[in-house]
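I would like to walk through one protein with you, slowly, going from the whole chain down to single residues.

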Amino acid sequence: MNILSLFRIALKAIGANKMRSFLTMLGIIIGVSSVIIMLALGTGSKATIMQEIADVDPGTFMIIPGPEYEEVGGNWLPEYNQAITQADYQSILEKNKFLKAVCPMVYSSGQYINGKNNHSCTLQGVNNEFLVINGLSITEGDMFTDAEIKGSAKVCILGKTVVDKLFAKDADPIGTVIRVNTIPVRVVGVLKSKGRTAFGQDQDDIVLMPYTTVMKRMTSQSYFDMIYAAATSKAMTQLAVDDVTEILRTNHKLRDTDIQDFRINSLEEATSMVDTVMNILTMLLSCIAGISLLVGGIGIMNIMYVSVTERTREIGLRMSVGARTVDIMSQFLIEAIMISVTGGLIGVFIGGGIAYLARFILMNYTEYHILISVEPWTVLLAFMVCTVTGIFFGWYPAKKAANLDPIEALRYE
């Protein structure tokens, strides 16, 4: 019996029990669509986060006060928070060999007031290299100058969200004096809008001031919360990290056996960690969704068993007129594969449709701009899984049908 005839017989058998066949497919449909959606969500989230990280200079690393937590356990000392000082910053500037930008950072909270309008957000004290490191630019006005940094000038740069909160729609904020808490500060620039992150954080809700101004007039501190540094190239990042580590260890008079009172985290490490976490999360979500495929496969096996029992006389009749064991087995195996692959095809369309609908809603009607997309390899994977499911769960019932004794089959009532 040729393969085309076997397909016709399988298709006729499926068509004779349309509702039962559809219900059998339902588990596969749900399973495949769930896997497609979960993979699209996982890969989309990963791509979105990687895209946001890519906006930052690839050679960036952060110098953070305090040792690694596992090195000190619960013995965290208050002085660890003050480990990075102005002297360290100056030493890095003067002695580094592999850096193109260094930016000290201090943080404070601020209530920003312009007339009757007010707004609260985090205040960041930085220098003028902050823009280079973080891929930011000024759309109106200018960045504060070196002279303004040295003189602790009362100037600031506003993000687009802060401008919208404090000023009328067509107002020009440049040159306007606003109050930060109780201190009058002149607006000298407005940052180019970056919008929200994938998870809804507003990147334009930001105010920048010279770090000297924040330290002298806002927080009265002599230490930094962090130092951002950017290597001359991505390839030089590790050399730059080692160089800065040596400079700081010398500055802090640390011996080889002493625990470092600072730590350095590179963007490459952060990228690698995000990649690992997102891959694990995607795999976990897909495995959970794959349980539906397992249930669907068991449903196929169950229905094929029922089909073999119902068609015992038919099997006996086919054998009696010359059908071989391999023909009977192929007939039921093809039927199981057709049910599985058809269900998979419907599942791909449903899963892809839901994924793109979710993307449209997230991008246009929510704060979460996740780039959900159905990759071609996920569709190929879905079809492969469906085929394997049909073969795996259809093989045993098909084998049972093929092994029936034709005489006993013809006598079956």
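This is a predicted model: local features need pLDDT of at least 70, side-chain atom pairs count only at pLDDT 80 or more; totals for chains, interfaces and linings use all residues.

The protein has 413 residues, of which 45% count as buried, and its chain forms 14 helices and ten strands. If we take the contacts between residues at least 6 apart in sequence, 77% of them join residues at least 24 apart.

Let us begin with the inside. The largest nonpolar core has 62 residues, and those with the most contacts inside this core are Phe 61, Ile 63, Ile 92, Phe 130, Leu 158 and Leu 208. Strand 2 gives the most to this core, namely seven residues. Another core, of 27 residues, lies apart from the largest one, and among its members are Ile 36, Ala 40, Phe 332 and Met 338.

Now to strand 2 itself, which runs over residues 99–114. Why can we say that strand 2 is largely enclosed by the rest of the structure? Twelve of its 16 residues are buried, and therefore the rest of the structure largely encloses this strand. As for its partners, strand 2 pairs with strand 3, residues 117–126, in the antiparallel sense over nine bridges, and within that pairing Asn 114 stands opposite Asn 117. These two strands form a hairpin with two residues between them, where Gly 115 takes a positive phi near 65 degrees. Strand 2 also pairs with strand 9 in the antiparallel sense, over six bridges, and here Pro 104 has Ile 227 as its bridge partner. With strand 6, residues 177–180, the pairing of strand 2 is again antiparallel, over two bridges, and Ile 113 stands opposite Arg 179.

Strand 6 is also the place of Val 180, a residue that counts as buried because its relative accessibility is 0%. Val 180 and Gly 110 are 70 residues apart in sequence, and yet their C-alpha atoms are 5.9 Å apart in space. Leaving aside neighbours within four places in sequence, Val 180 is in contact with Gln 111, Tyr 112, Leu 123, Val 185 and Met 218.

From the strands we move to a helix. Does the length of helix 9 agree with or differ from what its residue count leads us to expect? Helix 9 has 15 residues, 237–251, and at 1.5 Å a residue these should span 21 Å; the end C-alpha atoms are 21 Å apart, so the two values agree. Its buried residues, which include Ala 240, Val 241, Val 244 and Leu 248, pack against strand 1, helix 4, strand 2, strand 9 and strand 10. An α-helix has 3.6 residues a turn, so residues three or four places apart point the same way. Just after helix 9, Lys 253 takes a positive phi of about 55 degrees.

Thr 237 is one of the residues of helix 9, and because its relative accessibility is 4%, under the 20% limit, Thr 237 counts as buried. Beyond neighbours up to four places away in sequence, Thr 237 touches Pro 58, Gly 59, Phe 61, Ala 231 and Ser 266. Phe 61, which we met in the largest core, has among its own contacts Thr 237, Ala 240, Val 241 and Val 244, together with Ile 227 and Ile 264.

Finally, let us look at the aromatic rings, for which the count comes to three pairs. The rings of Tyr 89 and Tyr 211 have their centres 5.9 Å apart and their planes at 80 degrees, so this pair is edge-to-face. Since Tyr 89 lies in helix 4 and Tyr 211 in helix 8, the pair ties together parts that are 122 residues apart in sequence. Tyr 211 also forms an edge-to-face pair with Phe 224, at 5.6 Å centre to centre and with 75 degrees between the planes. Phe 224 lies in the loop between helix 8 and strand 9, and this residue is buried, with a relative accessible area of 0%.

Terms used:
Residues are numbered from 1 along each chain as its sequence is written. Side-chain values use heavy atoms; hydrogens and water are left out. Helices (H or I, at least four residues) and strands (E, at least two) are DSSP runs, numbered from the N terminus. The expected span of a helix is 1.5 Å times one less than its number of residues. Buried means under 20% relative accessible area, exposed over 50%, partly exposed in between (1.4 Å probe, protein chains only). Contact means heavy atoms within 4.5 Å. A nonpolar core is a set of buried Ala, Val, Leu, Ile, Met, Phe, Trp, Tyr and Cys residues joined through side-chain atoms within 4.5 Å. Two strands pair if DSSP finds at least two bridges between them. Rings of Phe, Tyr and Trp (its six-membered ring) pair if their centres lie within 6.5 Å; planes under 30 degrees apart count as stacked, over 60 as edge-to-face and the rest as tilted.
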